[in-house]
Amino acid sequence: MTEPIDVVVPNVGEFNTRNPAVSLGPAVTDVVTRLAGHLGDYAAYWSSRPRVLVLPAGHDPHWYADVHRLLDEPAPPVVSPAPVSGMVARDLLGDGAALARLRALLTGHDEVRLVTWGATPEVFLLAATLRGWGLAVRLDGVPERDYWVSRYLDSKLSCLDLAREVPGVRVPPGLLVVDNTELRGAVEHLLTRHERVIVRSPYGVGGDGSVVLHHDARGIGALWTAVERDPFLRTFPLLVQQFVAHRPGVGCPAVDLRVDDDGVREIVPTAMAVDVSRVRGVHVGTASVPPAEAERMTRIGRGIGVAAHARGFRGWMCVDFVLADDGAYHVTEINARRSGAMAAIAMLHRWGSADQVVFSHDGVTLGARGPLSYLDDVRPVLARLWADGVRIYPTSVRGLDFRQPVLSLMAPGADVAQAQRVVEDAARELTAAVGGGGRARRPIAAAVPSAG
């Protein structure tokens, strides 16, 4: 038997558009696919085993070489299908030349593990294709017969079920509505009881799919404006819930879980750093929150993971919490997929250190007009930092092509303050270096939102 090999497929776009009940329209779909390319490059960090990466077309070769030099690992081969739909797995299945290259790269191997963002029909079609080549295929997510549970858990409605059966799981109080008449009535009713309410779609992408309404004259008007703008809010049912604010000092807490046939195998606490309404990044690792909170988050997360395992779920999932002023944890959503913290989690695995914290920011803004060049504008600054011994890792640089350029950076630290300081110091140096630059050498793409 030859050594197993990973085929890493960041099928972010397919996952974020897999719900047939939500009609996103071309404009939102375009933003989703751009976001998918930005997050797709994180897959360069996901596996340390022998592997082939299937990346969306257009990854920066200089960035790719730097990443693997920093990892002290040989750069694995890349297959990039012709970009037809913007969905990397879907485009791979439709590109005979890309499939032929992938097959050639897998020659000599008997077993393949498909490493993906999450379960989609394209993953199962790709697995069938690989089996047709005579390969044994393992999925690092749900098998096709249990695809339903990935869809089910990814819906925010699943949190309501879990709150009824898993000890310690609470959800904000609210109502479930099925049309605009019920929506208006539920919002008006709950705004008589709470200063703020949140209307939420069971599904959402990159911040879309929810709106917070205030107890004032603009409440209902703001609702209909949001419904007109956001296609997720035009698909019922919707949740109308009390808006529970985060208690200061912990950030926005979450846990990433890995579930396999034997149960919950790993739980990684994380905490989103937020400055007023601006996301500044995510702290990843056991030390990312105070020990008592890490224990509580882990306990609740384990209960959800056990329930998910019993339903047939396998793979990575993320559970988001609100820690309220009264000290109670409320579960706000489950993402039945890898999260944006996955690159940092993979680095903690490489280092074998449970005490370190990694700070990761997927939307570092540079204050210049795009497009920018990684090689000419960004790399010289990072090279100076690397020469000074600074451990800073670029996780994605596709956002340099956006009208308002962004890139993704992460860094380890002994504690949350140190890790965040490394990333923010690097961001300041980069912003100072590019100034008002940004040479319009290539077509300018629209900006995409940050993807927590």
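Analyst: Begin with a cut-off: a residue counts as buried when its relative accessible area is under 20%, and as exposed when that area is over 50%. Keep in mind that this is a predicted model.

User: Which residues of strand S17 are buried on one side, and which on the other?

Analyst: In a regular strand the side chains alternate between the two faces of the sheet. In S17, one side holds Val406, Ser408, Met410 and Pro412, and the other holds Leu407, Leu409, Ala411 and Gly413; both faces are covered, with all of these residues buried. That makes eight of eight residues buried in strand S17 (406-413).

User: Which strands pair with S17, and in what sense?

Analyst: Strands of a sheet pair through backbone hydrogen bonds, either parallel or antiparallel. Strand S15 (357-365) is joined to S17 by seven bridges and runs antiparallel to it; Thr365 stands opposite Val406 in S17. Strand S16 (393-396) also pairs with S17 in the antiparallel sense, over three bridges, and there Tyr393 stands opposite Met410.

User: Which residues make up the covered face of S8, and which the uncovered one?

Analyst: Strand S8 (210-214) has Val211 and Leu213 on its covered face, while Ser210, Val212 and His214 are on the uncovered one. Strand S7 (196-200) runs antiparallel to S8 and is joined to it by five bridges. Arg196 has His214 as its bridge partner in S8.

User: What is the strand order in the open sheet of five strands, and which strands stand at its edges?

Analyst: The order is S3-S2-S1-S4-S5, and the pairing is parallel. Strand S3 (78-79) and strand S5 (136-139) each have a single partner strand, so one side of each is left without a neighbour in the sheet. S3 is joined to strand S2 (51-54) by two bridges, in parallel, with Leu53 opposite Val78.

User: How are the buried residues of helix H5 arranged around its axis?

Analyst: An α-helix has 3.6 residues a turn, so residues three or four places apart point the same way. In helix H5 (96-105), the residues Ala98, Leu99 and Leu102 are buried. Viewed down the axis of H5, the buried residues fall within an arc of 100 degrees, so they line one face of the helix. On the other side of H5, Gly96, Ala97 and Ala104 are exposed.

User: How many cavities does a search of the whole structure find, and what lines the largest?

Analyst: Rolling a probe the size of a water molecule over the atoms shows where empty space is left. Here the search finds three cavities of 30 Å³ or more. The largest cavity holds about 140 Å³ of space. Its lining has 19 residues, of which Thr116, Gly118, Ala119, Gly141 and Val142 lie nearest the centre. Strand S4 (111-116), helix H6 (121-132) and strand S13 (315-323) are the elements that give two or more residues to this lining. By type, the lining residues divide into ten nonpolar, five polar and four charged.

How values were computed
Residues numbered from 1 in each chain as written. Predicted model: local features only at pLDDT ≥ 70, side-chain atom pairs only at ≥ 80, totals over all residues. Heavy atoms only, no water. Pairing = 2+ DSSP bridges. Helix = DSSP H or I, 4+ residues; strand = E, 2+ residues; numbered from the N terminus. 1 Å grid on protein atoms, 1.4 Å probe; cavity = no way out; pocket = protein on both sides within 12 Å on 5 of 7 lines; lining within 4 Å. Points joined across faces, edges and corners; volume = space filled by probe spheres on them. Nonpolar A, V, L, I, M, F, W, Y, C, P; charged D, E, K, R; others polar. Buried < 20%, exposed > 50% of the residue type's maximum accessible area, 1.4 Å probe, protein only. Arc of directions from axis to C-beta.
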